[in-house]
Amino acid sequence: MTLTRRAMMASAASFAAATATAGLAQDALSIHVMKDPNCGCCTAWIKILREDGFTVTTERSFGTLLIRHKLDSGIPQKMTSCHTGEIEGYMIEGHVPTADIRRLLAERPEAVGLAVPGMPYGSPGMGPEDAREAYDVFLIRKDGSTEVFTHYEAA
């Protein structure tokens, strides 16, 4: 087989295109969020995700359907909040900061995912961070146990 200049240029162009595409796919994190269509804080959290570079799809869900989805996905009742996201096999419950989602994906623990139970004031989508109350982001283990993943002090 003779390697021509044309074949070499075509190979180089293909490699460059594939490398650029792989870089884009690596940077864009896709999360699917189930939320009540009337919830303003869910919409605010989704806006924060998008501003931080996440690709977000949403699905309308509320009431017992949403609660059932949470429980079936391994989120303990005491860890629930208003919306539920799914990213790369992990569940994200409530107003979890994007930095914690990125850390979860970098560390890849054996876990169901992360949760910020309730709706703490000043968590992402729940008011200004500079006036936040203290809250914890919990790691939910596959056996249902939880541990503090990140603690945020009051502002």
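Q: Leaving aside its neighbours within four places in sequence, which residues is Ser 81 in contact with?
A: This is a predicted model. Ser 81 sits in the loop between helix 3 (63–72) and strand 3 (84–87). Beyond its neighbours within four places in sequence, its contacts are Lys 70, Glu 93, Gly 94, His 95, Val 116, Gly 118 and Met 119.

Q: Does Ser 81 count as buried or exposed?
A: Buried means under 20% relative accessible area. The relative accessibility of Ser 81 is 14%, so Ser 81 counts as buried.

Q: Which residue has its backbone oxygen 2.6 Å from a polar atom of the side chain of Ser 81?
A: Gly 118 is among the residues in contact with Ser 81. The backbone oxygen that lies 2.6 Å from a polar atom of the Ser 81 side chain belongs to Gly 118.

Q: How many disulfides does the structure hold?
A: A disulfide needs two cysteine sulfur atoms within 2.5 Å. The sulfur of Cys 82 is 3.6 Å from the closest cysteine sulfur, in Cys 41, which is too far for a bond. Cys 39 is in no disulfide either, as its nearest cysteine sulfur, that of Cys 42, is 3.1 Å away. The number of disulfides in the structure is zero.

Q: What is the relative accessibility of Cys 82?
A: The cut-off for buried is under 20%. Cys 82 counts as buried, with a relative accessibility of 16%.

Q: Over which residues does pLDDT stay under 50?
A: The mean pLDDT of the chain is 87, and 83% of its residues reach 70 or more. Where pLDDT is low, the predicted coordinates should not be read in detail. The stretch with pLDDT under 50 has one contact beyond four places in sequence, and it covers residues 7–26.

Note on methods
Residues numbered from 1 in each chain as written. Predicted model: local features only at pLDDT ≥ 70, side-chain atom pairs only at ≥ 80, totals over all residues. Heavy atoms only, no water. pLDDT = per-residue confidence, 0-100. Contact = heavy atoms within 4.5 Å. Buried < 20%, exposed > 50% of the residue type's maximum accessible area, 1.4 Å probe, protein only. Helix = DSSP H or I, 4+ residues; strand = E, 2+ residues; numbered from the N terminus. Polar contact = N/O pair within 3.5 Å; in protein donor to acceptor, adjacent residues only side chain to side chain.
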